[in-house]
Amino acid sequence: LNNAITPGSAPKFPAEPLTGSRHMMDRPVGRWSEFKRVVRSGAKIIVLKQDCSGCHDPHGRDPGKLRANAFDSRGSLIGAKATFVAQICFGCHAGPEAAPLMQSDSDIGQLFSKGNASSHVIGRTASERSDLPSLRATEFKGRLDCTSCHDNSDPAGPKGPHLSSFPLLLKANYSRERDAGLGLRSDDLCYTCHNKASIESNQSFPLHREHLSGFTRVRMSVGQLGMDRSDGSLPVAGSIRDAKPGRGGNFMAGFGQPTPCATCHDPHGSKSNPSLIKFDRSVVTPSSVGGVEFIKRGLGHGTCTLNCHGFDHVQTRY
């Protein structure tokens, strides 16, 4: 939390134009205008602005360190000293007065609320999640915080969410299907904490690798999708409930098209689904029987009712 800076040695930011993103008021043309929020707590007034003072207290006893004022996921002061960077971020990115964002809802804090079905819980460690075999517990030993993902992409540059060569102040590439440049590096950010080999070997979900690669010539065992295929051929799409015309053919969801993590998961959280499941609705649409739904049936298993890449899922089991 204490990103201490020696007085007189403020971070040196590259001059414009900057490819990527930065957290400063002098953003490139086309970004949101200056943000300002005034928070009153009794006789105390805190002004949060889109400049250095939004996160750092220029009159504090420790120059360069973050503000001491902590905010909860509703954007409210909690009357305690911040122990996580997230409690600083929530001052501008949570609640009804949250700063406008370009690619998501402004109120990010709501995705970290305790009542949600799942979230990247602030303060958790990889060692506490033995149910997630993909977590790199030996390499990622710190507690989860906003800066676990939002950080300088250049390890030699100023630390923290000041600027990055990637969009959204991310420290590695993270792409959605609608983003330009979708490819093998689209999930690099996820792999900073999750083991790629574990994901591709389907340790936490039976079809992780197949979703990522695009189901190219996949042959699955009999009954893996709840189907009776004793002839050894590629299973047909869906489950035993999925036999109407138009839902047959080889099980090749995406028809060879790779699917990034962002199509199925929200990296902040999901209000209604476990496992951070929140479908990208620019890709995932209602199934032929209506609705977009995921139901968890056990650790690493569930059913999907939706349409993705033209592939119809109706209570499709995994």
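Q: Is Arg 124 buried or partly exposed?
A: In this predicted model, Arg 124 is partly exposed, and its relative accessible area is 32%.

Q: Which side chain meets Arg 124 in a salt bridge?
A: The partner is Glu 128, and the N to O distance in this salt bridge is 3.1 Å. Glu 128 is likewise listed as partly exposed, at a relative accessible area of 39%.

Q: Which residues are linked with Arg 124 in a network of salt bridges?
A: The network consists of Arg 124, Glu 128 and Arg 143.

Q: How many salt bridges does a search of the whole structure find?
A: The search returns 8 salt bridges for the whole structure.

Q: Which residue forms a salt bridge with Arg 37?
A: Arg 37 pairs with Glu 97, and their closest N and O atoms are 3.3 Å apart.

Q: Moving on, which side chain does Asp 266 meet in a salt bridge?
A: Asp 266 meets Lys 278, with 3.6 Å from N to O. The pair links distant parts of the chain, 12 residues apart: Asp 266 is in the loop between helix 3 (208-213) and strand 8 (269-270), and Lys 278 is in the loop between strand 8 and strand 9 (284-285).

Q: Is Asp 266 buried or exposed?
A: Asp 266 is buried, with a relative accessible area of 14%.

Q: A change of topic: where does Thr 305 lie?
A: Thr 305 is part of strand 11, which covers residues 301-308. At 8% relative accessibility, Thr 305 counts as buried.

Q: What lies 2.9 Å from a polar atom of the side chain of Thr 305?
A: That is the backbone nitrogen of Gln 315.

Q: Which residues does Thr 305 touch?
A: Leaving aside residues up to four places away in sequence, Thr 305 touches Ser 287, Val 289, Gly 290, Gly 291, Val 292 and Glu 293, as well as His 313, Val 314 and Gln 315.

Q: What does the accessible surface of the chain come to?
A: The total is about 17300 Å², and carbon and sulfur atoms account for 54% of this area.

Q: How many helices and strands are in the secondary structure of the chain?
A: The chain has 3 helices and 12 strands.

Q: Lastly, what percentage of the residues count as buried?
A: The chain has 318 residues, and 42% of them count as buried. As for sequence separation, 43% of the contacts between residues at least 6 apart in sequence join residues at least 24 apart.

How values were computed:
Residues are numbered from 1 along each chain as its sequence is written. This is a predicted model: local features need pLDDT of at least 70, side-chain atom pairs count only at pLDDT 80 or more; totals for chains, interfaces and linings use all residues. Side-chain values use heavy atoms; hydrogens and water are left out. A salt bridge is a side-chain nitrogen of Lys or Arg within 4 Å of a carboxyl oxygen of Asp or Glu. Buried means under 20% relative accessible area, exposed over 50%, partly exposed in between (1.4 Å probe, protein chains only). Helices (H or I, at least four residues) and strands (E, at least two) are DSSP runs, numbered from the N terminus. A polar contact is a pair of N or O atoms within 3.5 Å; within protein, one must be able to donate a hydrogen and the other to accept it, and residues adjacent in sequence count only if both atoms are side-chain atoms. Contact means heavy atoms within 4.5 Å. Accessible areas come from the Shrake-Rupley method with a 1.4 Å probe; for residues, only the protein chains shown count as cover.
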